[in-house]
Amino acid sequence: MWPLDLPAHKVLKLPQDTKPAWAVFDPHWYRLSYPDVADHIAADQPAALLRYHLESGQRQGHSPNRFFNEAWHRHMYPRIAAGIEGGEFASAFDAYCRRGCLDRSPHWLFDELGYRDRYPDLTPEVLSASGLANSYDHYLQFGGAEDRIGHRLFDPTVYLANFAADDIPVIRQQGVFNHYLRRTEAGEPELPASHYFDSDWYRQRYPDVANAIRLGLWKSALQHYLCNDTPANFDPLDSFSEAHYLALDPGLQAAITSRHFRNGYLHFLGFGARELRSPTASIDLSWYAAQPRVRCDLDQGLAPGPFAHWLTIGRRDGLPSAAPDADRITEAQARALSHHAAIALLPIAGRFGYTFECAGDPLVSVVMPVRDSFATTMATIASLRGNSAGSIELIIVDRGSGDETRAIGDYVRGARLLRFETDIGWSQAANAGSQFATATAVLFLTTEVRLGPTAIERACARLAGDSAIGAVGGMVIQPNGLIEQAGGILWNDGGTHDYQRGRPPLSPEANFVRSVDFCSSTFLLVRAVLLARLDGFDPECAASGHEGVDLCTRIIQAGAQVVYDPSVVLFHDDHDRRPVSADAHFLRKHATYLSQRAAPGGPVQVFARHSGPLHPRVLFIDDTVPLRRIGSGFVRSNDVVKAMAELGYQVTVFPVNGCVHDPARVFGDMPDTAEVMHDHAIDRFKALLADRIGYYDYVWIVRTHNLDQVRPGLAQVTQDGAVRPLIILDTEAIAPLREAEQARLRAVPHDLETATTAAFVNADICDAVVAVSQEEAKILRARDIGPVAIVGHGIEPDPTSRPHAQRAGMLFVGAIHTPDSPNLDSLIWFTDAVLPLIEHQLGWETRLTIAGYTAPNIDLGRFAHHPRITMRGTVTDLRSLYNSHRVFVAPTRYAAGTPYKVFEAASRGLPVVATALLRRQLGWVDAEEMLSAGTDDPEAFAAAVVALYRQEELWRGIRAGALRRIERDNRPADFANAVALVLAAARTPG
């Protein structure tokens, strides 16, 4: 090896005695690679060979060594090839030395940027301090020996598994990457080098390639796959299909064409596999990843992801890659079933028909262009009529039908019919129909659609609820039950992307309201006055299928929003003309607007799924999705999320421990603008952040133990000097305070100072800390862990109406999640120590009702069989219990934070008897706003309950005092303002 006298170390500003490992000239390799040169220069004249290369070989496209592939580099980077042609560079290697090595790859089997992303420890500072030119220099000198992966399709450990143990030290001494290249150049049999590429299958699948390799046109199957000119025409192994993958997301084709990705497979390995997209028709990666065996193996680190698990474990062990056939249905089968269902409805249409006669102003004008397909057209009309009880003005435009559709007026009474003898096109027909619309909103509806429940009312309510909205669309679902579109993305090259296509309808990313670039014209509700001003659809965009995209683009340019609402659900047979590449007319028309859009593909989707200015984005992290029904601190978390949403923040809710609750409950209890990752847990946290680098402005973490869990994942976005989100720790409660009380009751040692220090060990990365009360804020400020704000509870006084005399019994409300739950302890103490004392005074009137969420593993049998106790379990609406009971008991003996259950009971006008511990946490006044007793004084607690139970005047006084306190301290507006101030203060420290 000879060092090359090229400008590498000068341009790269390396020490004089430092040379990159790739900046060498290999005379022996050069002679073997270019035999025509070898005929003129002897092997013992390396200096002459080097001189020849510098003076002539570069111009001929020769490489200086096996580690830099001149021909591939020129092909991969056309601008470099043009620079060589124009005399700017002597060769691609010359351009590579002139700082091109920092962001371009030198060889078809090494990915410079991918290596840097895969190993974030290799920062520019680390490389520079080590005298290394770039990542490739590190790989050649150190990375290969450390079994680091330089390309997704070359894994040193997989390659070394082909050899006997005695051979491996020799191979390592040569360098695994170097050894592989040597074998490939020598034409030796190709060996597996990655789980993600099957060379034997590849040769069998593509015999022309195998023949070209035999003829010496290619060195290996892997080289052909990574270097051929039509990369999307070849599959790498039997578990991935380019055609299948690109059909799921046609927008990727534009990304590949623009060279953002070589083909669909490299997009899949980089992003799709993490998103659990299907790699081939026979593999349902989302289903596969959810199987217990797979999840267990992944938890143990046996594979880096579900696709890798399938390739290395699942296929070997015969695991199913998709649900059994009995549970699956193809698109063709689903479409056929839909068609048969439409036919089954024809007798109803014939006997009774459908009426659309309007009495008064219509709720909406529906414009429906039709052409043939009578059965499916009538099924759509039936769905439309059955979907809304409101007044609908139906305008049917027949585009030259030849079947029974020509007589559609015989079956649909009250509709306005327009008929054209020839097919004038969908957009022209839609424009013609809209001229007769009289409602304030016009709905464009295609045939072969079934409307989800109240879709029209939901869409109309969304449009009417915000004057800034110009159009509304919904979630379009394919016949096979997967999403066709959840809002659309328009790329800067005019290409489009159906967001979430091929994903399940419960996908978190598809289930929140947002402004988008466009919605499917399958169902597009447009404000009538805006539609008239914009003159409807542009027929010149019809050839490329962009007429709907064009209209939405003009709506946005007019200053209005196009809003995607997932509660507007549409079942569609997927026969629409889906947009292809934009035509010249569309590109010229919107050139300025397109220049502001994102380039297609990759993680940019998470930004591009929003249209218009991006509102601040918050990643909200808690134990689980904070539903109100599960009580504890989750009610307050629920209020925080809702406050953020109302303030205009775009919130993603991430449950560290996953979510076991039904999706209907989850979505019903969260703001409809919040993205709720109900199918995620901590094992997917790093992948989520990796896909969303730079997306979040804030990370709001509830509870210190969750900060401990997510810190490793946050490390990738909290490195010094990196643009990172602001991190807010919401303590919710200082857990060591609760643990100290618990230890005191059990008479066991507890070091509060040590425990508190341990609880906040990771708070150093936080920009702000939130306490729930003045008392806990004081403790946090004393620890000097950063700015401390207070966000308590927000609740409106809403007292129930029954007077004292018409009420009976005591009420306990509290969630029990774990066996050591404070609520469970308090119930046991109250039942064993206090309730008998109360019964001694009240006799037959003694009745305790217990309500609240109980985790599945908690046994409450001791209470269920108690003669004085009634178990109610989870009660969605507690108002009737608050209205019927006379006293609320909160016998908590150890806790931290502040008890929401006391706020709620008091706000409903139910006076509270609580322990002195809770009274101190609340800061309430004894005998004015509540009655209280010590946790070691059951007699005093019982006396307080009996007094409140028997003395109506006392009862009314405590009730009124508590309502006044809540009105003063817990106004929801103040709560929302406190949340806003925390976020604002974190953004502008000091």
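1. A salt bridge is a side-chain nitrogen of Lys or Arg within 4 Å of a carboxyl oxygen of Asp or Glu. In this predicted model, the side chains of Arg636 and Asp730 meet that condition, with 3.0 Å from N to O. The two residues belong to distant parts of the chain: Arg636 sits in helix H33 and Asp730 in strand S21, 94 residues apart. Both Arg636 and Asp730 are buried. A search of the whole structure finds 50 salt bridges, and a few others are taken up below.

2. Helix H33 takes part in another such pair. Arg628 and Asp639 form a salt bridge whose closest N and O atoms are 2.6 Å apart. This pair also links distant parts of the chain, since Arg628 is in the loop between S17 and H33 while Asp639 is in helix H33, 11 residues away. Arg628 is partly exposed, with a relative accessible area of 27%, whereas Asp639 counts as buried at 13%.

3. What is the strand order of the open sheet of 7 strands? The order is S19-S18-S17-S20-S21-S22-S23, and the pairing is parallel. Strand S19 (675-676) and strand S23 (788-790) are at the edges; each has a single partner strand, so one side of each has no neighbour in the sheet. Inside the sheet, strand S17 (residues 617-622) and strand S20 (residues 698-702) run parallel and are joined by 4 bridges. Phe620 has Trp700 in S20 as its bridge partner.

4. Helix H33 (residues 634-646) packs on this sheet and touches S17, strand S18 (650-655), S20, strand S21 (726-730) and strand S22 (768-771). The direction of H33 makes about 175° with that of S17. Helix H36 (residues 704-714) lies across S17, S20 and S21, and runs at about 140° to S20.

5. An open sheet of 6 strands has the order S26-S25-S24-S27-S28-S29, with parallel pairing. Its edge strands are S26 (869-873) and S29 (931-933), each of which pairs on one side only. Neighbouring strands of this sheet are turned by 25° against each other on average, direction ignored. Strand S25 (residues 848-851) runs parallel to S26 and is joined to S26 by 4 bridges; Ile850 has Met871 in S26 as its bridge partner. Helix H45 (residues 938-950) packs on the sheet, where H45 touches strand S24 (810-813), strand S27 (887-890), strand S28 (912-915) and S29. The direction of H45 makes about 170° with that of S28.

6. Why is helix H19 (residues 264-272) described as largely enclosed by the rest of the structure? The reason is that 9 of its 9 residues are buried. Among them are Tyr265, His267 and Phe271.

7. Two residues other than glycine have a backbone angle worth checking. Most residues other than glycine have a negative phi. Leu276, which is not a glycine, has a positive phi of about 60°. Leu276 is found in the loop between H19 and helix H20 (285-289) and is buried, with a relative accessible area of 11%. Asp535 also has a positive phi, near 65°. Asp535 lies in the loop between helix H28 (528-534) and helix H29 (547-557), and with a relative accessible area of 61% Asp535 is exposed.

8. Glu112 and Arg116 form a salt bridge, with 3.0 Å between the closest N and O atoms. Both are in helix H8 (residues 112-118), and because they are 4 residues apart, about one helical turn separates them. Is Glu112 buried or exposed? Glu112 counts as buried, at 0% relative accessibility, while Arg116 is partly exposed at 28%. Elsewhere, Arg293, Asp297, Arg316 and Asp317 are linked in a network of salt bridges.

9. Asp565, in strand S16 (residues 561-572), is buried with a relative accessible area of 2%. Leaving aside residues up to four places away in sequence, Asp565 touches Arg458, Arg462, Val472, Gly473, Gly474, Met475 and Val513.

10. On the surface, Leu345, Ile348 and Phe352 form a nonpolar patch with about 280 Å² of accessible area together. Ile348 is in helix H24 (residues 346-351) and counts as partly exposed at 39% relative accessibility. Ala71, in helix H5 (residues 70-76), counts as exposed at 53%. Ala71 and Gln60 are 11 residues apart in sequence and 9.7 Å apart in space, C-alpha to C-alpha.

Definitions and conventions:
Residues numbered from 1 in each chain as written. Predicted model: local features only at pLDDT ≥ 70, side-chain atom pairs only at ≥ 80, totals over all residues. Heavy atoms only, no water. Patch = residues over 30% accessible without salt bridge, like charges linked within 9 Å, V, L, I, M, F, W, Y side chains within 5 Å. Areas by Shrake-Rupley, 256 points an atom, 1.4 Å probe, with all protein chains shown as cover. Buried < 20%, exposed > 50% of the residue type's maximum accessible area, 1.4 Å probe, protein only. Pairing = 2+ DSSP bridges. Contact = heavy atoms within 4.5 Å. Axes fitted to C-alpha atoms, helices over the stretch in contact; angles between N-to-C directions.
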